Structure formats: structure tokens, C-alpha cells
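Here's a walk through the model you're about to see.

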Amino acid sequence: MRKLIILLALIVNCQLSIVNGQTWHDANQGGILFGQGWTSEIGSTYQRFPASAQSKVPSGVWNLSKNTAGLNVRFTTNAKTIYVKYTLTGSALSYHNMPVTLQSGVDLYWRQQGGQWHWVSQQKKFSFNGQNATYTYSDLSPASSDDGSDPEYMLYFPMYNGVSAMSVGVDQGCTFEYVSVPADDKPIVAYGTSICQGCSASRPGMAWTSIISRELESNVINLGFSGSAFMESGVFDMLAELKQAKLFIIDAIPNIKSSPGSIVNSTLSGVKKLRAVSDAPILLVESFGNSDKVMSPSEDNIDSKGNAKLKEAFEEIEYEGIRNVFYLTEEEIGATEDAMIEGTHPNDIGMREYADAYIEKINYIIANPDTANGGEGLPIDTLVRETRHELKKWHFGSNPGETPETLKVKIDQLLTAAQEAIDSHSCDAQCEGLMADIRSTMEEIRTTRNPMEEGYYYIVSAFDGFYDTKGYEMAMYTKGTALNWAKLDSLSTAYVYKITEQADGNWAIQNCATATYINTAGNGQSLTMSNKLLTNQVITPETDWSARFRICNTANSLPYIPNSNYFGSADGADVFNMSTSSYSATDPTSQAYGWYTWYLRAVTDTDVLDEILRTMKTEETIELEAAIAEAEEVIDMAMALQADENTKLITEANDNDPAHCQFSSNAKMPENTRVWGYYRNLLDGDRSTFFITIHDRTYGEPTEPHYLQVDLRDNPVDAFIFRYGRSSSWPTFSWKDVTVLASNDGEQWTEITELSGLPSSDTYDSPIIKLGKTYRHLRFSVNATEGNLKIGAGPAFAIGEFQMYPVVSADDAPFLTNTTVNIKTRALQTAMIEAAQIVEANTATADYIALFRRVTKDVVDAINGETSESIALDSLITAAEQAYLLAYGDDAVADDSQKLVTEADDNDPEHCQYFCNCPYPNNKYANLIDGNLNSYFFSLHNKNHGTPPEGYHFLQVDLKDNAADAIVFRYGRNPSWPTFPWKTVDVYASNDSVNWNYIERLTDLPTGTDVTYYDSKAIIMWQTYRYVRFEVAETASNSPIIGGGPAFCIGEFQVYRAKPSDTAPYTTVTGVAQAADALYAALPQARAKRQDKTATADDVSQIRLLLDNLNNLLNN
Amino acid sequence: MKKLIILLILTVSGQWSMVNGQTWHDASEGGFHIFGQGWPQLSQKKFQRLPITEKSKLNNVALWNASQLSAGLYVRFRTDATSISVRFTLTKQAVQHYNISSFGQSGVDLYARSDDGKTFHWLGNHLNYGFGTPATANFRNIVPQNMEGNKECEYMLYMPNFNGVSKLEVGVNEGASFQYIEVPEDDEPIVVYGSSAVQGSSASRPGNSWANMLGRELDAQIVNMGFADNAKLDEGIFKVMANLKPRVFIIDAMPDMKTMPQLIKERVVAGVKILQAMTNRPVLLVESPGAPDRLIRPGQDELHTKANEQLREAYDQLTQDGYTNLFYMTQEELGLNEEDFLDGINPSDLGMKHYAAAYAKKLAYIEENKDPIIDAVEAIEDKSQAADLKSQTIYDLQGRKVTGTQLSEGLYIINGKKIVIEK
């Protein structure tokens, strides 16, 4: 009762004083300004930075620091009306994207002691007159407090203006007292952009810094600088002076996103600067993105890129073991579409969302401090924290150098159990056990790593910080002399190392991908690579190589991180020397690249591995591979594989009974639909009936390429061909590219081969498809058809006929009957095994390739029926002929006693030894031997008088009983037809006038008008012939050409048996003639044996003996 | 300072792009259609909320002037543009009110709309704007496919809430398609009558007024009859609104009426009767949200409470008089929080959001529980054509449902037709 009376008295007193005017209380008093750091330094000015900052921070920041964002005073009063008058330093009305109430207005809150803050509306009772502003809060009747104390008020200053004077008035007689900032106050320091400064809240109290200040009951120092938050070193120097802060917030991405290249460095160095002076938690905050990211995603991309860079910095901070740093993501802020005013700044909805995210995160930080010494927590508390930090340094997984994933699971379970024990305050003896388990598991993690195994590895980035490449692994590859990155799953070829264990226990790492590795699918990141990069580097296991190693950007002189592993850097030399010059066209400000974490990933993709191996091969190895491929063909030839028409593999195609249908498909068009077909149509011999897969999306879209599958049941094959019949109704649905797969259980499929560009003919037989082993199921998976109508994962196809045949050795395959082929083929097969080993070892030599090719050729020769004897004989015969000619020369004498033509009766063919394929009508063969040059024989020189020949005009001689093995002819030139003499003549010989053997070509025969007669050189035919034909390839003028050659004219023509000239160069040497004749005599039989392929070693040595004999004489 | 310079550059380059490579579509030269207008056939396609023909009925110059502001008006168009520019001429200078940003007062606001009207996505100008003559707003790097996968996309462009628009042009990048959307003839809008909060103060931008939020939420045309400081429940405005046939009338005038509580009951009763004389369409009476700082200003809140009490009495009176299809929304249902206001009267974006949510919920309730619609018709029919009256729902000319079996002599609305009952 007594208390009430006192209160009443006070109120009366205060109310009475209304009449007497107001009492004003200048806010310019020491120690009462909340939201201001450096208060003692700043003195009595309402600004956010002390004068010392001017030389450290950019001028833009310095100017903005004079805005009073976040500053507030608190006071207690019992007044019913509160008056505020203040002087602005700038115009009250400057911005379109915020109301004056935010830019230049004040904002009032109140609370009962210890209670929540509540807003006091100004009810539009404000005035702005030039730079003078007033606010009046009237009609205040707060409910009484329990202890009768006066309510407390908090008055926020303008967010986007400066204030030179600020005064709070109450009616006379009312109580009034400013609240001092506690000496031990630990503020939250919020550094950021215009958003942090408050744009575009409706009033100062709705800036997120103000909201969290009230709801977390904490003084907040607002260091938001509109458009100027670029994390400069000097700004961090200033922040670091606020050692008393309980939390640092770094929320600069919405500004610094425009120069993303600087984010990682700026953040890292800034955090380190703060950490050097304070253990307080540091919160890194992403940009909240854009509310219109659905319709204008590119605006948001800039934010995403900035955020990615901040995340990168955070990863690095964690890796370096810097404690007590936290992270707030864009998703956690969760801006909604209503939350912005123009696409850059949040309105009140956005501010509320920001504040909610901050409050939740800060509460988490308070509940989960991450300080090195764990505060007052239990020992297990500290252990859990320490363990969590150390875990960030370990990489878990199956890659070499990584710690097995099982240990990750184990430690996570232990930590969860420990956290539960801590949270439930149930840590007693069991916690000793948990701690022991955690320690021993960590020891296991430190010592257990997946072993290095010999093989091929990518170097993969575990980090997702590249520009547009968030969220997946990147592998290195080379392009020219530059290193590039590309998404691992899109790589066709990557930068790969071969790692092999050495005898001394070290490992060799060999750069096995060369500059020929080009992947044009890369995203264009390009960095210059040191040319000594990792080539044949020797590394020490367990120390030098690691799951984590680092790339440092020396161009920017960023320091190496102590205790980190990086490849081959025992002396601290560059591992990768990156030039930033070509780093990014879109980010010219990029000067830094930062750190990335990489690890080894085994190459398991067989295609990639094949490509690596191919690239690593020497030219010799590649040639040997080609030789092996040729040899395989040769062996096929030897085996004479063929399709046996009598062994069709597909006999049953009952569409109604799968047990009697060998065909199946994943995409059979359902029956009774628009157009469908039966499996049975494939065997009915009629291409107009067909089988067809789904070609109408109504009936589904297969998730795999459409296939036709055959079950061979009891007739599995290891090689086959198929015969394909194109559907005459659906020609554009015929197979073009098909992958052949094989299986024995119908579930596990092995890809055998891909047939591409199959012919578009009506029917065709496939090439022989060798399976490598016996398979029962074959699948033909169609990748492309003529028309390529894609339904689901692949094109629809239609077939008229389809049959498969096993491939067998032909009955007459040479190796079955021919011992030589058999033996040579086996030899080649043995050689191929060895050659494959040499290819694998990449050690092929030119000599070995030559050897291997000879072995291959042996098989070819054997298939051709050749034996080494007959081949030897072949070359001996050639040599013998040369020796004989050398001995005798080709100069022959036309001895009249040896005339071979005696009959030329034009009226009686029986008695005419001459024959021409195209005589001019009424020309006489008799003129050739009448001894008169002026009478002549003419071949057809006017096509109107006979049938032109298809080939050359020729003159043929039947020697009848005077068959000869060497001849010479005497030619008499007719002077009347000077342009018609023979110039080039091909000589053929025959014994039946049907089969002709080419002997030789005579060239440059004399055609001059001074020539009357001439004798030819000796024409040695090496065996006896009855018929000799002279085909005239050229005459003196080559005109006229009748049919296939020029017409000719001869005055006289006689053939003689050739007799070696007395003047032959060697015949004067004793024994040469005999030796030559002996050799000559042996040649016919040798030729016969060569031809019959029946030569024996004796035959060979006989000829060789005779030849050696002659050669010895000639050489002497 | 640095930022200001950047802003300037952006604005200049924004104008440059308008000059180059934009195809302009003048919304004030015909071919366009204005949504949110109750009298489109009378407005001569001007961005005004009441046609000149209604001026005399109003008999209130301040109200008439307020009706010439473009609050709640919008155009719809379809385009495959990747860049949309807007230039418009304001009837007043775009000088800020102290309690509203330029965007809220004089800005335009763009949303993409899905074809089924169920999804809307906002587009920001990213500081590419100007408030000169003409004023401009540019929207760039649009990916229309992101809306529904189509190359073309429909947009709605809100006009300023506290300014008038005398000329509007929409520019799209050259070669882009462009087509204004027509207002459907049989569309039944929602008519919202009220104070400055209805007109949109103090949303940060036009699209965030609760009336516009509600329009998107329901994909409905809202006829915005919000007149800041002039929502005095005048007879004239009810006469004007009585010509409309909306799906619901919302009467949300208490914030302006709290200073004259003695007039509330009388005016509300009279106003509703004027409306229901023409149609029995649902009428929703809405309380004031109260003083946000009532803890420290119980006296202020008392004014709101008293006004609300008067409104409640009006509702009760109308119900007693037999008027049905009446609905009522309380302060508690509105559920605004103390931080939801900018100045104690006008909600901020946060408050707008809470307003819109409360309305959406209430309108869904009304949709479920409203009476069948009986519009007054001109033709009066002979009693002989009145079939068995007992099975009919019968209304008197005031829209009151008539109960009991004995009808006195007079004119009644039966089965949607006026029937003369003679004794």
C-alpha cells in the first residue's frame, strides 16, 4: 500500500510538470552510446570509427562510418511523453529504396526491467525540417513494474545519415536517467554491406543487427558499409582492435562477390588477423542470394560464385585447424520471394528472415563453443571437440592414402555417443571407456591408411570451389602444355600417373599422360604447368604421398602451410607453378588461386585405361600390335572360319510360348497396337513380315537401348555370324550401329563389340564375331538405325529376317590337311603369346617385329602351298637365269641354217606359219618371206575394212616341229610406209596357242628410214615353245590406232633359232659355256618342280651347285 | 558515395539499353487491358480506379482524387523477352512520403505468372531504375523458360500504389513476342474497401501490399478501393461499389474510423444495406488490427477496441435485420504482431504478409459458407409465374432472407427474379 502511494506521488509529480515544459538530456555523454566500438577513442562524436581508422580504411568506408547505423542510447524514465530532437548531417531524404524513417529516423523500444523489448510506434508524429528532426512519443502508459522501477527505453539512431546532435526530452519533473554501457560489455561485432547497415528495413529497429541485439540481449556494433564491404586488410585491422567482442560476424559477400578472386585470400587473412587477438567465435556468412532467382538466375549466379569462394575459404580455415569459426549458408538464411525491395536489399520480411537465421546460428555457437581449451567443460567435452577438429584433416574413402571409411563410421558413432553422454550429464565411468575408445580409434585413423598399389591414378580435386563446378570432383588433364580440369564423369582422358613400387621400397610416380591428352570438353580453366612436373618422381611411402596434398600459388607468394603434405616437395620447391595470367577471363581481378586439396583416385574405367596404355606405347609396340592384328587375320585365314548354312542356331520363335521362343526384347511393341510384329516373322523367310520395337511413346519409353536377344540354349557358341534381312515395310528402321553383348546367365552381360555403319542393303551377313569364350545368350543392342527415331534410351528398330550361325573351321581348311600350314600356324600362335607379352612390357624392337612378321609370312606362304624348298628354288631359278645371260649375253646370230619359217601360203592355213589377229584385207603373209622389201604385210589400218582388235595388233609364228627355247628375228623394213615399223614389241610364247606366257618386252627397235634389215637380240624363253607371238605396243608414229593398238607394216620377217654369239663376253673362258649349258639344261626340271611345288632339298642343292659353278667361273 | 556513383552508372546504362534494341508497347494507346478496375468499360483505359461517371455519386473531392491513384491496377502480358523495360509517366513527383519508400509510392513491380495462375515469381530490378520523367524500371537476364519450361511467359505488372500513371510503355528486346492479356468478361473480382493499409502503405513495393499479395494467392482480380485517410464509410462510395458484382466485398475501414466511433455502426449498416439492395454477395467486415504498441499505449489501443466494438454491433444489427451472407473478421484473426508496422498505423512488408495470410484463410472459409448468389434483376414478373413459393428461397429487396410461410404484399426476389406478391 505504501509503495503504491509513492508511485502515485511520482506520477502526479511528472504529470504536473507538463505545464512547465520539457527537460532535455543530451546524449552526448561518455559511456552511454551502445553499438559503438572505440567509444573512449571516438570521444563525443556520433560515429562508428575512431579517427585512427581514416588512414587504414578506404575513404568510402571512412565516410560511411559517420552514418550512425546501429548506435543507440538507453534510458529510464517515468515520462508519459518522450521527445526526441536531433540534427542530421545530411539530407533527410536521399534514397529511393528506403523510407525516410529508416534513413534518417529514430526508433524507440521499451521494456520493463529484465523483460522483453517492445516497440513504441511514433504514430507518424515526426517532423523533418531541413536537417532538424523531431519525434514525439506521447500517451505512454507502461504497466507498472513489480518493484516500481521506471521502464527502460532504447532509442536507435538513423541508419543512413549522420547525427551531429541528439537530445531526449521529458516533461519537467519526470525521472530520466541514461543507462551506461557496462564496462565489461562484450558486443557482437557485425561487419558487412548495405544490408548489414540496414537497407531496406522500414525503420532502424528492423535492421537485422537491431533485431538480434534485442532478441539475444546483446550489444551489437554495426559495421555495415553500404556498397563498400570488400574485406580490406585495414578494415580487419580495425575489427581486430575490438578484442572484447564476443562474436565477429563477417557478412561481406553481397559486395565482394563482384571480385570473387579476392574472397579466399581476404577471408583467410582477415580471420587470422582476428584470431591472433581473440579467441571469440567468428561467423562467416554467405550472401542470401536473390529473391528472383527463378526468373533471373544469372543475377543469382554471381552470389553463388561468391558463396562458393567463401566456402572454399572456410574449408581452408578448418583444414588449417583455426578454431571457433562458423559458417552460415544461403540456405540457412532462406530468403523468400517477398523478402526484397528491388532485388538487392531485403525489406522487413527479409530482415526478419536474416535475423532468425542469425539468432539460430548464434544460439548454436553459444551452445557449442569451439575453443581450444574447452572452457569449463568436462575432459570428454574437450576430447570430442579436439577429435572433431582433427578429423577434418583426414580423408576417408577407398583411395590410396585415405583412411578406410569404416574408421570414419566408427569414430562418428563414438563421438555421437560421447555427445549424448555430455548432453544428458551422464558422464561417469562410462565416459572413461568412451574416451579410451575415441583415443584408440583416432590412433588407428592416424596410422591406418589404404596402401598404395601399383597402377594408374588420376589426380582429383576433392574440392568444389571452381567457378561453375560446384559439387563434384574434378580431375586434371592436360591440354597442350597446360593443366586443365574437367568433371570426372565427363572425362574421356585424364591426366594420369603410373605409380610403381621400386626395389628400395620407394615408389616411382611417372607422368604417363602426355600432351596428346586433349579433352575439349573441359571448362576452359587453364594453368601453366611446370615442365618437370612429377615426371618419374621417386616418393617415399607414407610420408611424401598422401591422400591430401596441396597446390600452392607461388605467383601470389602465398605461404606454404606447415605440416601439410604435397607431392615431391621435400625441398619446398614448387609442385605446381600456376600462372594466373590465363586463369579467368570473367574475373580479371583474380590474382590468387588459393589452396586446393587433391588426392589420388585409381583409374578403373577400362576405356580410359586402354587410352592411357595406348598413349604410353612406343612406336615399336604399336607396330608390333599391328603385326599381331595381321597375324590374327592370317590365323583366321589358316583356320578358314566360315558360316555353316546347315547349322542355324535359331529354330524356335513361338510368340505365344516363351519356352519355345529363342528371341526376346526389352522393347517389343505390344500386340494389337498400332503396328506390331512377331518374333516368328524373323524366321519365316519373308522380309515383308517383321518384328518391331516400340515406336510410339504411348506404349512406353525403354530406359535402355532397344535390343533383340537370342537364347542359344544347348548350342552355345564362341564365334558366330548373323544374317540380317531388312524389313521391306520399315526400311528406315534397319540396324545401323549395334552393340553385341554376351552372357551365360542372362543377367551379367559382357560387351563384345560394337558394329557400326552396318550396310543398308536388304540382306547381309555380319563379320565373324568372336566371343573369346563360349556364351549362351547374345544381345544385339541397337544404338542407331537408318531413321534413328528415338523412343526412350534408343531408336526403335524393325527387322524382316534374322538368323545366327556358328562359325566353324571349313572342312577343307588347310591346317586340317596340310602339315606345313599346321606347323607354321602353331608356331605363329606361340609367337603371338610372346608378342603380347612384349606389347604389355612395351619393349618391342624393330628386330623382333621383323622376326614376328617372318613367322607370320611363313603361315601365309604355307597357306599358299609354298614350301621353303620351292621358295628357295624360285630364287635360285631367277639367279640362274641372270647368270646364264651374263655368260652368254643376249647378242645372237641369225644363222640362215636356223630359219624357222618356211611356209607362208596365204591360201592354205595348213601351210602358213604366220598369223595376224587383224590383217588388212588381201595382205599377204607370203610377202614376209619373198625377199622383197617393197612387198609388205599390213595389219588393219582402216577400221572400215575389218574388225578392229581389242588388244594390240600382233604377228604370230607357229614353229611347228621346230619348237625353240631361244630365238632371234630378222626384220625387214618396208620403205613405202615409213611410219609403220615396229618400235615396242611384247613377246609371248605358248605351246598350245591358248595359254600364253609373257617372255619380255623389246623396246626402241630401229625405225629410221636408213634401216633396211635388223636382227633382234636373243629372245631367251628358257623352255621350248612352238608358238611365239609379237604384240606391237608401239610403232614409229603410233598411228593410226585401230582397236587396241597401232597398225604396223613389215616388208620382211624371219625367225631363227638363237645361237649364242661367238663374241659373247664369257664364252671364251674355259668351261663357262659348259657350265652355262649344264645350268641351262637343269632349269626346265627345276621350273617344273617349282611350279608343282614338289621341290626337294636335293633339287635345290643341285641347282645351287650348278649355279655356284657357273658363278665361280664368271667371277674368275 | 561510391555506391551512389555505381547506381548512377547503372541507371544511365539502363536507359541506354532502352533506347537501343527495345521494342516498345504503349499501354496507354489502346490494345491493352487494365486489371483491378471495377469499371473497365467506363475508365477509357486510364490508370484510374473510378470513372468520371461516379464522381458525382461520391460527392467527396478528396476521395475522388485518391481514386485517381493507381493502387492495385496492373496489366498482364505475354512475351518471350529476355529483357523487359518499363517506362512510365507519374502524375505526381516521385517524392517520398516519409513513411514509404519511392518503390512503394511510385514504383512498378513485376511478377511472372504460371498459366494456371497458381505460381507467381517476382522479378527484381537489381537497382536498374530511375524516378525521373519518365520513370524507368528494367528487368534483365530473364529466363522465361524457368517459369513453366515455355519460351513465352505471362507477366503481371503492378502500378504504383501511391501515385498516378498517365502513360505506360513496356519494352522488350527486339524480336521478342509481346501480347497484352485481356480482362475476362465474366471475371468476378474481390472488392476491397479500406484505409491506407489497403492502398498499400507501407509495403516496400506495390506487389507486397496485402491486397496484391492476396490477388496472387487466389489468382483473383482485386478491385482496390483503399483510400488513405479517407476510408470514412461514406454513403457515396457504397453507392458506387453497389454497381459491382464481386465474389466478395471486404470492408476494412476501422483504422480510419477509430477517431469517430459514434458513426461506425450507423454507416456500416447503411452501407451494407446499399450493397445488398443490389446483390446478396458476401460482405466481410474487418476489425482494426489494434495498436501494435498497446502494451505501452493502452489508451491508443482503446480507440481501436471501441471502433471494433461498434463494427461488431453493426454486424449484429444487420443479422437481426435478417441480412445473411455477412462475415466478420476479428483483430485476433488478423493476428498482426507488434513488429509488423512501420509507424503504428501502416503495416510494413511483414505486416502485409500477415494480413494477406489472414485474408486468404478467411476467404476460403467464406467460399465454403456463403449463400447462393441472388443478383437483383430489372425485369419484374407477374405472380402467376411464381411457382410453389414454399420450396423457394425468398429474399426481400434488401437481400434479407424471408422466413415464414406467409408473405406480405410487395416485391420479392425469388429464384433470382423479382416477383410481385399480391394479396
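Start where the two chains meet: the contact takes 50 residues from chain A and 49 from chain B, with two residues counted as in contact if their C-beta atoms, placed from the backbone, lie within 7 Å. On chain B's side, the elements giving two or more residues are α1 (2–19), α4 (102–106), β6 (120–123), α5 (145–148), α11 (298–320) and α13 (349–369) of chain B. Those labels follow DSSP runs, numbered from the N terminus: helices are H or I with at least four residues, strands are E with at least two. By class, that side of chain B has 22 nonpolar, 17 polar and 10 charged residues. Here nonpolar is Ala, Val, Leu, Ile, Met, Phe, Trp, Tyr, Cys and Pro, charged is Asp, Glu, Lys and Arg, and the others, Gly among them, are polar.

Before going further, bear in mind that this is a predicted model, in which local features need pLDDT of at least 70, side-chain atom pairs count only at pLDDT 80 or more, and totals for chains, interfaces and linings use all residues. Residues are numbered from 1 along each chain as its sequence is written, while chains are lettered from A and ligands numbered from 1 in the order in which they are written. The model scores ipTM 0.86 and pTM 0.60. Chain B has a mean pLDDT (the predictor's confidence in each residue, from 0 to 100) of 85, and 82% of its residues reach 70 or more. Residues 1–19 of chain B have pLDDT below 50, and beyond near neighbours in sequence this stretch has 25 contacts in the model. Over residues 378–387 of chain B, pLDDT also stays under 50, with 14 contacts beyond four places in sequence.

Now for chain A. Its secondary structure comes to 23 helices and 53 strands, and 42% of its 1116 residues count as buried. Buried means 20 or more other C-beta atoms within 10 Å of a residue's own, with C-beta atoms placed from the backbone; 12 or fewer is exposed, and in between is partly exposed. Of the contacts in chain A with a separation of 6 or more, 77% join residues 24 or more positions apart.

Where does the largest nonpolar core have its most contacts? Look at A:V189, A:F248 and A:I249, in a core of 76 residues. Such a core is a set of buried Ala, Val, Leu, Ile, Met, Phe, Trp, Tyr and Cys residues joined through C-beta atoms within 7 Å. Helix α12 (residues 348–367) of chain A gives the largest share, seven residues. A second, separate core of 60 residues includes B:M241, B:M254, B:L311 and B:L336.

Helix α6 (residues 208–215) of chain A is mostly covered, with six of its eight residues buried. The cover includes β9 (152–156), β12 (188–192), α5 (194–197), β13 (220–224) and α12 of chain A. Just after α6(A), A:E217 takes a positive phi of about 55°.

Finally, find the open sheet of five strands, ordered β40-β42-β48-β44-β45 (chain A) with antiparallel pairing; strands pair if DSSP finds at least two bridges between them. At the edges sit β40 (914–916) and β45 (997–1002) of chain A, each pairing on one side only. Inside the sheet, β42 (residues 953–958) and β48 (residues 1027–1035) of chain A share six bridges, and A:F954 has A:E1031 as its bridge partner in β48(A).
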